[in-house]
Amino acid sequence: MDKDLFVYFSSPDPDCKNLMAYRGVKKMIEAGIIKEEDWKCKTNNKDSLAKNYNEIIHDPQTTGKILLLVHSDLIVDDLFVKEKLNARFERNKNACVVGIAGGKKIANFPRRYELWHLMTPKGSHLGEVTNNATEDILSTVGTTRFGGHGERAIIIDGCFMAIDVDRIRKFGVTFDENCPSGFHFYDLIFSLRCYWAGAEIYVDPIHVLHKSVGLVNVSGDFLVGNQYFKNNYLSKLWKK
């Protein structure tokens with residue numbers, strides 16, 4: 001029997017109805033992809049994404065479901081997302097997470113900034129993301145195709161993460177709430193924690209619209225997270 005989906009996103013805004021993710025949720029409800037009650041937006045959010053995500057993973061209302069963690073500026077625009085995710089988790093018994101873009105390998109060479117697509121060596125990129133620059137979901141900048149689909153990844157982009165809640169609880173993998181960056185590196189850290197625990201991650205062809213063109217300005221929040229990730233995770237990776 002297929003597992004139901006549960007969509008979660010957070011925002012510092014007081015009203016989620018102005019967010020793209022909310023529009024996406026309404027579309028999913030209208031299409032019968034999710035139930036009316038199977039979504040949550042944490043408004044007026046001041047916590048890190050790591051804390052938010054740990055809370056919703058261990059919330060009783062997500063038990064037995066596939067949890068979609070999405071950015072507030074992202075619309076899941078795929079009529080068959082439920083079928084695709086259930087098929088993946090049924091096919092691979094250790095599969096715990098599905099992303100839309102990521103990498104099969106991490107290159108061991110010096111980098112100024114640890115961004116997943118820069119960390120991944122040529123030929124090891126997976127997935128694609130369609131970016132749109134306006135609230136008009138039909139107005140798209142274009143699709144960035146990183147590589148193929150249907151393969152296991154070591155790291156994924158955190159704009160969309162689908163998690164089999166029961167399995168990730170069983171593996172005991174959590175997001176790192178000690179990371180000093182509230183909104184960066186949570187995805188890379190979680191990916192490596194999954195990798196070390198044997199909780200498999202895959203990249204599958206799930207269509208989304210993301211109102212983003214990636215990292216434009218390097219903030220202080222990003223820089224402290226960048227150093228924390230290097231010191232606490234990449235250094236550990238190369239020692240293994």
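1. Charges over rings. Arg 88 lies over the face of Tyr 202, 4.2 Å from the ring centre. Arg 111 does likewise over Phe 109, at 5.1 Å from the ring centre. A charge sits over a ring if NZ of Lys or CZ of Arg is within 6 Å of the ring centre and within 35 degrees of the ring normal.

2. Ground rules. This is a predicted model, where local features need pLDDT of at least 70 and side-chain atom pairs count only at pLDDT 80 or more, while totals for chains, interfaces and linings use all residues. Residues are numbered from 1 along each chain as its sequence is written, and side-chain values use heavy atoms, with hydrogens and water left out.

3. Aromatic pairs. The count is 13 aromatic pairs. One of them joins Tyr 53 and Tyr 186, edge-to-face, with 5.9 Å centre to centre and 75° between the planes. Tyr 53 lies in helix H2 (residues 49-57) and Tyr 186 in helix H6 (residues 186-197), so this pair ties together parts that are 133 residues apart in sequence. For the terms: rings of Phe, Tyr and Trp (its six-membered ring) pair if their centres lie within 6.5 Å; planes under 30 degrees apart are stacked, over 60 edge-to-face, and the rest tilted. Helices (H or I, at least four residues) and strands (E, at least two) are DSSP runs, numbered from the N terminus.

4. Burial of that pair. Are Tyr 53 and Tyr 186 buried or exposed? Tyr 53 is buried, at 1% relative accessibility. Tyr 186 is buried too, at 6%. Buried means under 20% relative accessible area, exposed over 50%, and partly exposed in between (1.4 Å probe, protein chains only).

5. An aromatic cluster. Tyr 113, Phe 185, Trp 196, Phe 222, Tyr 228, Phe 229 and Tyr 233 form one cluster.

6. Helix H6. Its twelve residues should span 16 Å at 1.5 Å a residue, and the end C-alpha atoms are 16 Å apart, which agrees. The expected span is 1.5 Å times one less than the number of residues. Buried residues in H6 include Tyr 186, Asp 187, Leu 188, Ile 189 and Cys 194. Gly 198 follows H6 and has a positive phi, near 85°.

7. Salt bridges. There are 19 salt bridges, each a side-chain nitrogen of Lys or Arg within 4 Å of a carboxyl oxygen of Asp or Glu. Asp 78 bridges to Lys 84, with the closest N and O atoms 2.7 Å apart. Asp 78 is buried at 9% relative accessibility, whereas Lys 84 is partly exposed at 30%.

8. A bridge between strands. Glu 200 forms a salt bridge with Arg 152, the closest N and O atoms being 3.7 Å apart. Glu 200 lies in strand E12 (residues 200-203) and Arg 152 in strand E9 (residues 151-153), so the pair ties together parts that are 48 residues apart in sequence. Glu 200 is buried at 14%; Arg 152 is partly exposed at 36%.

9. In it, Asp 47 and Lys 51 meet at 3.9 Å, N to O.

10. Cysteines. How many disulfides are there? The count is zero, where a disulfide is a pair of cysteine sulfur atoms within 2.5 Å. For Cys 41, the nearest cysteine sulfur is that of Cys 16, 4.2 Å away. For Cys 194, the nearest is that of Cys 96, 6.4 Å away. Cys 194 is buried, with a relative accessible area of 0%.
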